[in-house]
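Below are some notes on the model for your reading.

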Amino acid sequence: MALFRYPRPLPSEITPKEMYLSRRSLIGGAAALTTLAGAANAASLKTHLGPYSRNLTPTPKEDVTHYNNFYEFGMDKGDPAAHSQDFHPLPWTLEITGLVRKPVRLDVEQLLRSPAIEERIYRMRCVEAWSMVIPWDGIPLATLLKDADPDPRATHVAFESIVRPSEMPGQNEALSGIQWPYVEGLRLDEAMNPLTLLALGIYGETLPNQNGAPLRLVVPWKYGFKGIKSIQRIRLLDHEPPTTWNRLAPDEYGFYANVNPQVDHPRWSQATERVIGAHSLFGAKRQPTLMFNGYGEQVADLYRGMDLRKNF
Amino acid sequence: MQALPPHAVPEISGVLKRHWRLVLYPIGMIPAVWLVWQGQHGALGADPVNVFERSLGLWAFRFLLVCLALVPLRRFTGLNLLRYRRLTGLLTFFYASLHLLAYVGLDHGFDLSILWADMTHRYFIILGMSALILLIPLALTSNALSLRLLKRRWKFLHRLIYPAAILAGIHFFLSFKTLNSVSAPYLAILALILLIRFLPRSQTGNGI
């Protein structure tokens, strides 16, 4: 006779055997990412802790995945999570072209199985004066650029996001004045810096659509808008490429966009930042913003002799 | 609970008719109370201070638009709600003041160096502050005594609502990174109200 009642899952809720077996093989390291293609849910990634991940406490995952800017899905910070479910991140091809000796076309599904994927726990500072700590999983951009063998004439790297208005409702918003695709750029030496990451996941899982699936740029010493999402094409150039926010408001958003508490945005101070994750109106925290977001040791040399007030 | 005697219901409605202020002022304050409640219960999301501050500003702008719309409403529909101008005007001031308090206290923790830099250098902040400053004399004279004492000058003084609305409108526009479908309708309503107010009557068709 049963003494205890406990809630039993419905048969339909139980994970099918082939699916959990494939998960096991994933954990075992074997490539079994077949369930990944077209899946709306995040799949786990094989990853290992990389360098530069200091003693930082990550922001709750719920906040990282439900509070961010991704104007392709709408202008409110809840919009990306609310309106990105129709986006299909796979299959996906990433092109590396332009001034390279070996143009590359990468199958991102293969890239997701790469043993080179490592975890980097980075600070993320938005130009709007809020900040998070995010555990990214990705591959240093330099690794991929070296594979393409940059031509000596190349000085800059241009990044281009995807245009897919049928799956990205924000691209139908006519009022914003944003020209799609979203474009970003770095100097080649910035792109080759070991901190610069091509992220394929967060929290050990593939990137959710709203965070830039299937792959995005992470440049932790720059404001968040430099981290272009859902990248389709990377081109090496011999000149500085146009960038989306600089094109929209050149007096507010510079090409460099290095985190700098001494150079304010015309509309607000950049000296401090609101720390995301408190969830309580009267318990929210503000903290001083660090020069280069705390990564000066790794990147200050890139800008030696430059007037950072002018090149903001 | 005791049942009300039959004659009490018409009595209550009569009291409410005469003392509608007792009902409408508290109703107007519900959004503020609701925002504080949400803020304390984690319902304002990941960046509660920002949402709280911006929502208060938006409520101030909404009440300002309603206040300004009452005159054209009477002119074009004949519906006379002018007696609610003081109510909506004072609620505008109430929300604008809370908006300022949230920015100074909650957002910047009364950090005077940052606030001073904001108020002296940033046109976005200066515009919003100026709008609020223009509303102060209006709030202070929104009573029967001032109306009696100032006579015709009262009407002149209260035209300050128009420059305040223009400043607030620019401040509101600048609070978004780009024009968008959230801000555009509010700005369109403000533009329409100003157009009706400042175009000569003959051009607008004299009260159609």
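1. Start with A:Phe312. Leaving aside residues up to four places away in sequence, A:Phe312 touches A:Gly254, A:Tyr256 and A:Val263. Contact here means that the C-beta atoms of two residues, placed from the backbone, lie within 7 Å. A:Phe312 belongs to the segment after α8 (296-299) of chain A.

2. Is A:Phe312 buried or partly exposed? A:Phe312 counts as partly exposed because 19 C-beta neighbours fall inside 10 Å. A residue is buried with 20 or more other C-beta atoms within 10 Å of its own, exposed with 12 or fewer, and partly exposed in between; the C-beta atoms are placed from the backbone.

3. A word on provenance. This is a predicted model, in which local features need pLDDT of at least 70, side-chain atom pairs count only at pLDDT 80 or more, and totals for chains, interfaces and linings use all residues. Residues are numbered from 1 along each chain as its sequence is written, while chains are lettered from A and ligands numbered from 1 in the order in which they are written.

4. Chain A overall. Its secondary structure comes to 8 helices and 13 strands. These are DSSP runs, numbered from the N terminus: helices are H or I with at least four residues, strands are E with at least two. Of the 312 residues in chain A, 40% are buried. Among contacts in chain A with a separation of 6 or more, 70% link residues 24 or more positions apart.

5. The annotated span. An unreviewed UniProt entry lists residues 88-245 of chain A as "domain: Oxidoreductase molybdopterin-binding". UniProt positions follow the numbering used here, feature names are shortened, and annotations may be inferred rather than shown by experiment. In the model, this span is 12% helix and 37% strand, and its end C-alpha atoms lie 25 Å apart.

6. Strand β2 (residues 93-98) of chain A has two partners to check. Strands pair if DSSP finds at least two bridges between them. With strand β3 (residues 104-107) of chain A, β2(A) runs antiparallel over 4 bridges. A hairpin of 5 residues joins β2(A) to β3(A). With strand β11 (residues 231-237) of chain A, β2(A) runs parallel, again over 4 bridges. A:Glu95 has A:Arg105 as its bridge partner in β3(A), and A:Glu95 also stands opposite A:Arg233 in β11(A).

7. Strand β12 (residues 272-275) of chain A pairs in the parallel sense with strand β5 (residues 130-140) of chain A over 2 bridges. There, A:Trp130 stands opposite A:Arg274. β12(A) is also joined by 4 bridges to strand β13 (residues 285-288) of chain A, in the antiparallel sense. A:Thr272 faces A:Pro288 in that pairing.

8. The interface. How many residues of chain B are in contact with chain A? The count is 24, against 25 residues of chain A. On the chain B side, α2 (21-40), α3 (48-77) and α5 (112-121) each supply at least two residues. α3(B) gives the most, with 4 residues.
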